[in-house]
Amino acid sequence: MKVLIILPPFLPVDDIRKIIRQILPDGEILTSTDFTEHNAEVLVATTFTRIDRNLISRLPGLKMIQISSTGYDNVDQDAVKSRKIMLCNIPAANKESVAEHVIAMALAHLKNLIHFHNEILKGNWPVLTNSMDLAGKTFGIIGMGAIGRKLAERLLYFGTNTIYYDPVRLQEEDEEFLGLKFYALEELLAKSDIISLHVPLTPETRNFIAGKQFNIMKDGSIFINTSRGEVVDEASMIKAIQSKGIRAGIDVYTQEPPDFSSDLFRLDNVIFSPHIAGVTVESQQRFITETVSNVMKYVQGLQPLYRVL
Amino acid sequence: MKGYELFARTLKDLRLGPVFGNPGSTEIPMLREIKDYVLTLHDSISVGMADGLAQYTGTPSVVNLHTLPGVANSMAFIHTARLNRSPVVITSGQQDNRHVYYDPLLSHDLLSLVGDAVKYRYEARNAEDIERSLKRAAMKSLEPPMGPVFVSFPMDVMEEESDYLGLAWKYPNTALVDMNEVEYVAKCIEEAASPAIISGSEIDAYGSMEDAVNFAEKVGCPVYAEPLSSRAGFRSDNHRFAGDILPATTAMNMLLMKNDLILNFGGDFTIYPYLQSPLLPGKKVITISLSPSFRYGEFITGHPGLFMRELTKIVKPKGDFQRPEDLSTGSAAARERRTMGVNFVLQKVRKKFHDYVIVDEAISSSVAVRKNLGYRDRSYFTAKSGQLGWATPAAAGISMKNPRVLEIIGDGSLMYTVQALWTISRYNLPVKVLVLDNQGYSILKSFSTSFYPGVEKAPFLSFKTDIVKISEAFGVETREGDESLDELDWLAEGETARVLVVHVDRSIPKLFF
Ligand SMILES: Cc1ncc(C[n+]2csc(CCOP(=O)(O)OP(=O)(O)O)c2C)c(N)n1
């Protein structure tokens with residue numbers, strides 16, 4: 001069965017080719033889509049390749065597309081559906097990485113790292129600090145999916161009091177195991193010193209955290225968003241940061257890359273990262289392994305995992 | 001002498017004993033002179049005990065089974081002995097020749113039944129056959145590949161008269177090394193860019209660990225243990241030891257990606273489950289073994305340990321592999337303390353039982369058992385067949401020669417031959433049993449999650465058993481461990497059998513590619 005793998009040219013393609021020869025001898029690696037026609041039955045791609053109607057039409061035998069990441073916005077889903085092609089992604093091979101990123105942002109705020117760093121670069125030697133410990137803080141997790149759980153597990157060792165909200169409450173023994181207490185959303189917002197958001201973007205969760213929710217939060221609390229930009233009303237967030245001294249850790253934006261003229265980037269108690277919380281050397285390795293193993297399942301005649309279409 | 005006297009006399013001459021078995025009317029005639037008999041409450045358990053004992057001593061052991069039902073009940077264990085390369089001499093009774101024509105109760109063609117599970121099968125025709133067929137079977141059992149042999153004895157033959165001839169017997173010579181091949185392999189090593197060594201179960205079985213270590217020291221290449229090996233492949237505390245090879249082709253290829261020459265001493269490539277990747281494509285693979293399978297690559301017939309000894313003399317060093325220090329075990333154990341994860345349990349076990357023989361049927365925790373407890377000479381045994389229920393009988397058999405035996409077994413596996421605990425108690429065998437109770441078939445859940453998602457939730461993969469009650473009822477002191485695992489001290493105490501049940505993490509591990 002012919003497997004076509006399209007990779008962005010900035011990856012170490014020669015090394016990957018060597019690996020593929022050992023484990024999937026029918027696999028062919030290309031770095032561009034400028035072929036006229038290809039007889040592949042399986043297409044493996046990253047999010048860097050647009051998989052549109054035109055590309056699909058040049059793959060007349062295509063039966064399965066495997067995207068090697070969680071997101072698959074690069075795929076024209078209507079085109080895939082009309083050809084009855086199977087589409088799979090690799091969900092959550094990055095959950096540990098995101099959980100760590102959240103903790104890094106929380107710690108960077110609590111320990112004033114950015115401020116100290118900048119002061120020292122300016123030639124100053126600050127002696128006073130309002131740095132705080134993570135231990136003993138109330139950490140509110142909104143959304144207890146795979147990432148929320150990993151975060152809760154890791155926080156156990158930091159000595160936080162961890163609370164959560166999720167539309168579906170965990171089993172009592174799971175709550176006990178992770179040392180979690182359930183609260184309704186408003187209560188969680190009011191109680192937490194640190195809030196981290198882990199909800200998927202759906203019509204219901206668009207602007208899920210807006211003015212009303214920011215108003216409930218404690219002054220000076222830390223708000224971290226590594227889920228999706230659209231889940232938060234950005235204007236309300238900016239206001240809350242200005243008026244309530246909320247400190248934010250932002251990895252995701254309503255528009256990416258964002259409009260850098262926005263007031264968001266004039267605020268000094270925000271730490272930014274470029275939608276990269278889930279991207280680490282290790283998580284990329286996990287994505288590759290899971291991609292290869294899922295494609296091999298399909299090639300062997302088994303149902304692949306993580307089918308989205 | 002009567003046939004039954006010849007039977008006992010021959011076993012004595014061959015120094016075969018005790019006889020492990022479960023008797024029936026058909027065997028009563030042949031057992032009249034047998035004094036050293038170990039009763040097992042299921043036929044198969046006697047084969048498992050004999051298998052453990054034979055592997056541990058490297059010499060044959062003997063079993064007596066009750067004709068059709070006893071042999072049929074034991075078939076999985078006979079196959080396991082075959083794959084374990086365990087020299088077990090299996091005997092059984094057969095119906096009286098004078099009425100076999102009528103297909104009497106219990107009669108059957110036993111030689112067809114044992115089929116290819118044994119390497120020699122014979123049914124005695126007369127009293128003269130008793131001495132010669134048993135001696136031939138015993139010698140044959142030790143011929144590489146070592147394995148089970150079978151002789152059946154019709155009831156009437158036991159009443160016939162014949163002389164005991166004292167026929168000469170000698171176990172087969174295995175010290176075979178072809179010096180031309182040694183030179184050839186030395187040259188292959190010299191010409192290769194990056195050789196890797198695999199050390200297999202024959203190394204431990206033929207007592208060649210020292211030769212393997214000396215060779216590895218000199219040549220300097222990484223040494224891996226054979227995939228799914230049934231016993232120690234190498235000394236895992238040696239700095240050249242690079243770990244186990246996993247049985248999946250894809251994982252194997254990834255691990256050995258950079259090696260162009262694979263030298264396999266006394267092992268084979270056991271593969272499971274099926275994965276698309278071909279086996280070690282584009283590499284030169286040479287296996288040196290007393291029992292070549294001719295499955296893949298080049299084969300050289302010979303004693304792998306002695307071959308290495310000769311090779312060490314002429315081989316040129318080809319690197320200086322040092323296993324990177326593994327700092328993960330301690331922290332993994334600490335992290336898993338609150339979940340009663342197996343790494344936590346096994347690090348505690350290691351402290352108390354580091355010099356014990358380990359008999360492993362921990363199934364989903366087997367990789368962790370190998371990693372945490374390591375390999376030493378004659379220190380690790382597991383069933384090569386994948387059959388469950390082997391460990392308790394095998395541990396019992398080994399404990400007859402070495403009182404320091406720790407069996408580590410899953411709650412599912414324990415139940416296949418749980419009445420072996422009765423034999424352990426009856427004969428005061430000092431086996432220590434650690435049951436890792438995860439309330440079900442964890443490895444099958446893991447397999448389902450990887451290949452057939454959803455099935456892991458099936459009710460037929462989860463269950464509870466009251467192991468404490470069951471085990472105590474068979475007469476073995478049993479306790480449950482709490483979070484501290486202080487009960488491991490109790491488990492180790494004294495030379496009496498004890499069972500400790502530890503309720504371990506029930507979350508589904510990821511074990512398959
Ligand atoms: C005689 C026999 N029957 C069934 C099986 C299939 N099988 C393989 S692993 C397994 C589950 C083992 O369970 P357990 O010993 O509790 O170990 P766990 O997987 O939970 O670690 C089963 C039933 C087998 N290998 N042998």
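Leaving aside neighbours within four places in sequence, Ser283(A) is in contact (heavy atoms within 4.5 Å) with Ala93(A), Asn94(A), Ser97(A) and Gly278(A). The structure is a predicted model, in which local features need pLDDT of at least 70 and side-chain atom pairs count only at pLDDT 80 or more, while totals for chains, interfaces and linings use all residues. Residues are numbered from 1 along each chain as its sequence is written, chains are lettered from A and ligands numbered from 1 in the order in which they are written, and side-chain values use heavy atoms, with hydrogens and water left out.

Ser283(A) is placed in helix 11 of chain A; helices (H or I, at least four residues) and strands (E, at least two) are DSSP runs, numbered from the N terminus. Ser283(A) counts as buried because its relative accessible area is 0%; the term buried means under 20% relative accessible area, exposed means over 50%, and partly exposed lies in between (1.4 Å probe, protein chains only). A polar atom of the Ser283(A) side chain lies 2.7 Å from the backbone oxygen of Gly278(A).

Chain A as a whole contains 11 helices and 12 strands. Its C-alpha atoms fill a box of roughly 65 × 50 × 35 Å, taken along the principal axes. Of the 309 residues in chain A, 48% are buried. Among the contacts in chain A with a separation of 6 or more, 60% are between residues 24 or more positions apart.

The domain assignment divides chain A into domain 1 (3-93 + 281-299) and domain 2 (95-272); such bounds come from an automatic or database domain assignment. The centres of domain 1 of chain A and domain 2 of chain A, taken over C-alpha atoms, are separated by 34 Å. Four residues from domain 1 of chain A and four residues from domain 2 of chain A take part in the contact. Between them, these two domains of chain A bury about 310 Å², of which 38% is on carbon and sulfur atoms; buried area is the accessible area (1.4 Å probe) that two parts lose on being put together, summed over both. One salt bridge is found across the interface of domain 1 of chain A and domain 2 of chain A, the term being a side-chain nitrogen of Lys or Arg within 4 Å of a carboxyl oxygen of Asp or Glu. Arg286(A) forms a salt bridge with Glu96(A), with the closest N and O atoms 3.7 Å apart.

Chain A also meets chain B, through 22 residues from chain A and 21 residues from chain B. The two chains bury about 1800 Å² between them, with 64% of this area on carbon and sulfur atoms. On the side of chain A that touches chain B, the elements giving two or more residues are helix 1 (13-23), helix 7 (172-178) and helix 11 (281-299) of chain A. Helix 11 of chain A provides the largest share of this side, seven residues.

Chain B is assigned domain 1 (3-159), domain 2 (179-314) and domain 3 (328-503). The centres of domain 1 of chain B and domain 2 of chain B, taken over C-alpha atoms, are 35 Å apart. Six residues of domain 1 of chain B are in contact with seven residues of domain 2 of chain B. These two domains of chain B bury about 600 Å² between them, 44% of it on carbon and sulfur atoms. Of the area that domain 1 of chain B buries against domain 2 of chain B, 65% is supplied by Gln55(B), Arg85(B) and Pro144(B), more than by any other three residues. One salt bridge is counted between domain 1 of chain B and domain 2 of chain B. The side chains of Arg85(B) and Glu202(B) meet in a salt bridge (3.3 Å, N to O).

In chain B, His66(B) lies in the loop between strand 3 (61-65) and helix 3 (67-84). His66(B) counts as buried because its relative accessibility is 12%. Not counting residues up to four places away in sequence, the residues touched by His66(B) include Asn22(B), Pro23(B), Asp43(B), Val71(B) and Leu106(B).

Note on methods. A polar contact is a pair of N or O atoms within 3.5 Å; within protein, one must be able to donate a hydrogen and the other to accept it, and residues adjacent in sequence count only if both atoms are side-chain atoms.
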